[in-house]
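Here is a short note for someone opening this model. Please read it with the structure in view.

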Amino acid sequence: MPRTRSALPSPQFAASVDQGGTPIGPVRLGPGARTALRPGVAALHPGFWHTRREVNALVSLPQGPGLLESAGNLHNLRLAAGTAEGEYQGSYPFVDTDVFKWLEAASWQIAQHSDGDEGLEAEADRIIALVAAAQQPDGYLNTWFQIRKGGERYQDLRWGHELYCAGHLIQAGVAHHRATGRTELLDVACRFADHIDSVFGPPGSGKPIDGIDGHPEVETALVELYRETGEHRYLDLAGYFVDRHGHGLLGGEAYCQDRVPLREATNVEGHAVRQLYLLAAAADLATETGEAELRAAGERLWGAMTATKTHVTGGLGAHHDEEDFGDPYELPNERAYCETCAAIASIQWSWRMALLTGEARYADLIERTLYNGFLAGVSLDGERWLYVNPLQVRDGHTDLGGDQSARRTRWFRCACCPPNVMRLLASLEHYLASTDDGGLQIHQYVDGHYSGDVDGAPVSVSAETDYPWHGTIGLTVEETPTEWPWTLSLRIPQWCREFRVRCGDTSYDQTDAPLSDGWLRLERAWAPGDQVVLELVLDPRLTSADPRVDAVRGCVAIERGPLVYCLEQVDHPGGGLDDIVIDTTRPLAVKHRPDLLGGVTTVVAAGNRRHIPDAGWWPYRTAESTDAPAADESLELTAIPYYAWANRQDGSMRVWLPTS
Ligand code: FUB
Ligand code: ZN
């Protein structure tokens, strides 16, 4: 049963909305937007995601400025402003974006008006002043090119990241304006956007450069700048950049999203983050312009990606080489790339597609990615990070160190992921619910309070739940128009085979309410205090992959609810994990462990550790070989949620478990 709570949420858990009730979040639709759904907002009460957001607010975000100082990012801004002397710090032309993403994250946090955010606001002000001082009089800003390249601009669009950096600056400016109403950073962003608009354009436009950036990002940012300022030029510029990808302007490489136009592409390809940011922009454009072809491309590519190129954790990007999506079904375990930024980009794209189409499948992927591929990217204490998120670390793994290590790291030379995690966690409440003229849709279940407007009337519903540990979600209608009915839509997750709903005197389960599209719709003339109880059955389950995923043929993964599980060596002393086999004929048991990893539900399975005879000099045999079987030792396997791995000690880990 849901926990009972006597007191209403304290003000620090209020949803971040402006005085008109509009959510202060990353996606705010323009006046002519054509979407099925509009963003709603949630306020989170203590619970699973609240804890993660608290760690983000109290540990990760406050540590940001110090880390940016010691990594040299702030020094570079001072150099560009002429207020410091020395050398450029860092090896990449995009280190400014670490600062911009931190500013965006800080802005979303400031929008919550939580106690203690005054210090964060002062830090943000200090850093915004550095950014503004580094900007050149004509609006250009990129410390790498200003300092290292003597002011040379746009000579290396394939690798230079100038527009990518501009995109993150624009997103920070929009976030800061939404959160505070102030324009210092937005003004810097607009000046840069105006400068870009004066330089880039199609042949015949009179602009000096017909070009695109090798790393998409400016496109989705320009759409949001249009939404924030009403300036149509920014939307047109975004459309131009999206459509100039795929025409060989950068040599035609998939890596740069330049091999094939999005409108013609049949599967996602190339560098995963680049592809996903571009697709987020395409969804934004389809939203604002109503273009059916762009929407269809998004739907087609999302379907192909989930069917053929997505890890069970929601992780994306198979290749370490070029951080690439890889071929269909090429989903390796120990060399899975699954960059944390790709998980974030996937959530951003899927959220835009969910709003555009109203389809629950996008929220299904968001849920899977949030709880697994994304959340593993940050340690439980908020201080250490994973850039790549493998699905296996072998016994005897020799860590190469560096950014792409399978070990948690304090910061990276290429530190794109940590501030990206910070901005998603700080704005998470904006990815959980939506509204349309017919009702409120709950995409993700949290203990908290969902709100939005339904045909102009404020609607809100509170939720009590211990999800994802328990599957019961108790909902109470709080604000509602009483004159007319509206629909409360609850997403029944794609993994869920059994659910029950009680709504007043009526009950449903999956046999009464078979779902064609993942939404369970409850239409009523609601009154304040009306209650709905949804029970999602969370029995643990074994999952196998499409047989074409060679890397995991003959293996199963343990899942429970939205969580993917893994084994860690620390829970299995006396040997490694490479020779462990799960016994799928024996039942899985669930054990809640409040003492472990901040409180997790573990899944216990029966298995064996095979003592495989030494292979001698050559580890291969004829297929018909009848060697003596390995001696088996039976073993209790303890699986922990994947997001919590690598928080105790270095060691082996695996998600996919051989069955024989
Ligand atoms: O190129 C900028 C960022 O660095 C990308 O988004 C990440 O994949 C990493 O390569
Ligand atoms: Zn990254």
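Helices here are DSSP runs of H or I with at least four residues, numbered from the N terminus. This is a predicted model, in which local features need pLDDT of at least 70, side-chain atom pairs count only at pLDDT 80 or more, and totals for chains, interfaces and linings use all residues. Residues are numbered from 1 along each chain as its sequence is written, chains are lettered from A and ligands numbered from 1 in the order written, and side-chain values use heavy atoms, without hydrogens and water.

1. Start with R368. R368 sits in helix α13, residues 360-374. It counts as buried because its relative accessibility is 15%; buried means under 20% (1.4 Å probe, protein chains only).

2. Look at what touches R368. Beyond neighbours within four places in sequence, R368 contacts V312, T313, G314, G373, Q494, R541, E559 and V564. Contact means heavy atoms within 4.5 Å.

3. Turn to the ligand. The residues around ligand 1 include F94, H161, R274 and C416, with near meaning a heavy atom within 4 Å. This shell has six nonpolar, three polar and three charged residues. Ala, Val, Leu, Ile, Met, Phe, Trp, Tyr, Cys and Pro count as nonpolar, Asp, Glu, Lys and Arg as charged, the others, Gly among them, as polar.

4. Check the polar side-chain atoms facing ligand oxygens. For E323 the distance to an oxygen of ligand 1 is 2.6 Å. For H271 it is 3.0 Å. The protein buries 96% of the 280 Å² that ligand 1 exposes when taken alone (Shrake-Rupley method, 1.4 Å probe).

Methods:
Polar contact = N/O pair within 3.5 Å; in protein donor to acceptor, adjacent residues only side chain to side chain. Helix = DSSP H or I, 4+ residues; strand = E, 2+ residues; numbered from the N terminus. Buried < 20%, exposed > 50% of the residue type's maximum accessible area, 1.4 Å probe, protein only.
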